[in-house]
Number of protein chains: 2
Amino acid sequence: MDRLIAAINATQNPSVVGLDPTEALVPPQVVASFADEVRDSVETPEEAPAAQLAVAYFEFNRAVIDAVADIVPAVKPQIAMYEALGPAGIDVYTMTCEYARQQGLYVLADVKRGDIGSTAAAYAHMLSGVAAGDGSYDPWNIDAVTVNPYLGTDGITPFVDAAKSSDKDVFVLVRTSNPSSSELQMLDLADGKKVYEHVADLVEGWGADSIGSHGYSRVGAVVGATHPEEGAALRARMPHTFFLVPGYGAQGGTAADVRGMFDRDGSGAIVNSSRGIIGAWKKSGEYRESMSADEALELVASTAREAAIDMRDNLRMVL
Amino acid sequence: MDRLIAAINATQNPSVVGLDPTEALVPPQVVASFADEVRDSVETPEEAPAAQLAVAYFEFNRAVIDAVADIVPAVKPQIAMYEALGPAGIDVYTMTCEYARQQGLYVLADVKRGDIGSTAAAYAHMLSGVAAGDGSYDPWNIDAVTVNPYLGTDGITPFVDAAKSSDKDVFVLVRTSNPSSSELQMLDLADGKKVYEHVADLVEGWGADSIGSHGYSRVGAVVGATHPEEGAALRARMPHTFFLVPGYGAQGGTAADVRGMFDRDGSGAIVNSSRGIIGAWKKSGEYRESMSADEALELVASTAREAAIDMRDNLRMVL
């Protein structure tokens, strides 16, 4: 986790911008502007709308990345939004990750993978690169992945091993931000713990032999901003585990809610906002349908930058 | 689940072939045979080995599909094996799914996705097709997905809704086949249930309003062949839930082990074997390094067919 912590320290900003585009979040003139380009490149006409949206996602992401690269340490592209478009979306996912890295950002791939050991080992090539050939090809260009703990240690170990061998990180779901998360995560166990506390203890163990120079291991935890009390308790329970905190902003979490997820030095966590930043243009009151695609992207960029600065300043205020 | 059950009935074979290729499972001369073709198609030389392996995976899968399409109802391509190769692998994943469907097979996409509601809704386009345009573009070409229950109902509902609207199915992880699965799934809850039993009850509920003509809902459960006693208990506990049973063969499960996962009519479950079928050529004693690529693929095909027939007959014997 040392590289992420260094990036946070350099920007004095423990926040990460979620790059989770949807059709509703990209100004329509930006999508429309790629109609001609796409028509000539697809194999069948029915692919065109998805391909067009995929290209628009990339331009949208690039505008956001350029606007925030000097003030945030990291971005978190959610792969679901791209998989929804099929292979064209995956291409744009990897292009987005590559571009973000070129701008110096740490790329946290929100993929929430998890499977039995042999299969997890295949997924872990997202961190370690393709094994075929001389091993130098890394199509994913990411610095960390999120993973799901439901399968236990042998489903996690391959990711942790890949993280260690390639100076990367893993974040395990512990207490997610969504309303239904309590159905499983908050169940009381016979030994007095809750399920998520049991998972928390496993996570702290999975990271025990990869603790870096800042005291945090390569195995982080996902802890939702919507659970401030549990988050604070987990902070104490998991002293070597860095937190990825989703659920800030659009999902309801505030700077005060996440204060307890940080350690006494103001480190130990990074807070994600997606819609609150990349969708800020929609709430700005400045958008006009008559704007050109370039003007709309400029608005996306300037409002995203403002929202990212606001979030940074709000977090600085409570830390 | 009606389409899957009809396909099982038509073949009198409740088994599914896992299409989980790895570099070690594809005869090397098959991979080598694509060297020239790939060299001309990639943008940079470093991509070539991954692209070459991806093309080889497709030819390998096609050989297996052609060899088993008349005797099995379904295939289960594990997406991790393809993601390990980057975007070229994803292209081949969708090509494999499309080809399998063209041969009349039900395609169960083993993707184990899961996230908060808005994100799960994006993933669910794997079932419902791309929303952009006129909605007719379905890049994934699949009939079902596997999903992870750790996030609770709001992470599952979008998949179930998409399944309902597109005549498809969802399989939720309940009791997985891997050794570490007990760390979380077998924990005792304060109310006397185990965690996996609680998940089982949720799954039965998630399917309650999509029960088809055979008495099974669109929401299935993943129950590992390596847990025969728990599987039999789950069969009684989940009367409307169809089971996907991995862990047969290479992972240690036998036909006797899975007997209890079926209902009294011999329905209610489909058993997966991956390496035992697609890797049968390696154990045949008939492989020679001197074989041509075509000869090696013929061996892959004939041994896969034999192994699939053996598995079918072993299952028929206990049912």
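Is K194(A) buried, partly exposed or exposed? In this predicted model, K194(A) has a relative accessible area of 23% and is therefore partly exposed. The partner of K194(A) in a salt bridge is D188(A), and the closest N and O atoms of the pair lie 3.0 Å apart. D188(A) is likewise assigned to the partly exposed class, at 40% relative accessibility. Elsewhere in the chain, R3(A), R101(A), D143(A), D167(A), D169(A) and R218(A) are joined into one network by salt bridges that share partners.

Side chains of opposite charge can pair when their charged atoms come close. Two further pairs are found within helices. In helix α4 (residues 48–68) of chain A, E59(A) and R62(A) are placed 3 residues apart, about one turn of the helix. A salt bridge links E59(A) to R62(A), with 3.1 Å between the closest N and O atoms. E59(A) has a relative accessible area of 17%, so E59(A) is buried, the cut-off being under 20%. R62(A), at 30% relative accessibility, counts as partly exposed.

D36(A) and R39(A) are separated by about one helical turn because they stand 3 residues apart in helix α3 (residues 35–39) of chain A. Both residues, D36(A) and R39(A), are exposed.

Over all chains, a search of the whole structure gives 42 salt bridges.

Technical notes
Residues are numbered from 1 along each chain as its sequence is written. Chains are lettered from A and ligands numbered from 1 in the order in which they are written. This is a predicted model: local features need pLDDT of at least 70, side-chain atom pairs count only at pLDDT 80 or more; totals for chains, interfaces and linings use all residues. Side-chain values use heavy atoms; hydrogens and water are left out. A salt bridge is a side-chain nitrogen of Lys or Arg within 4 Å of a carboxyl oxygen of Asp or Glu. Helices (H or I, at least four residues) and strands (E, at least two) are DSSP runs, numbered from the N terminus. Buried means under 20% relative accessible area, exposed over 50%, partly exposed in between (1.4 Å probe, protein chains only).
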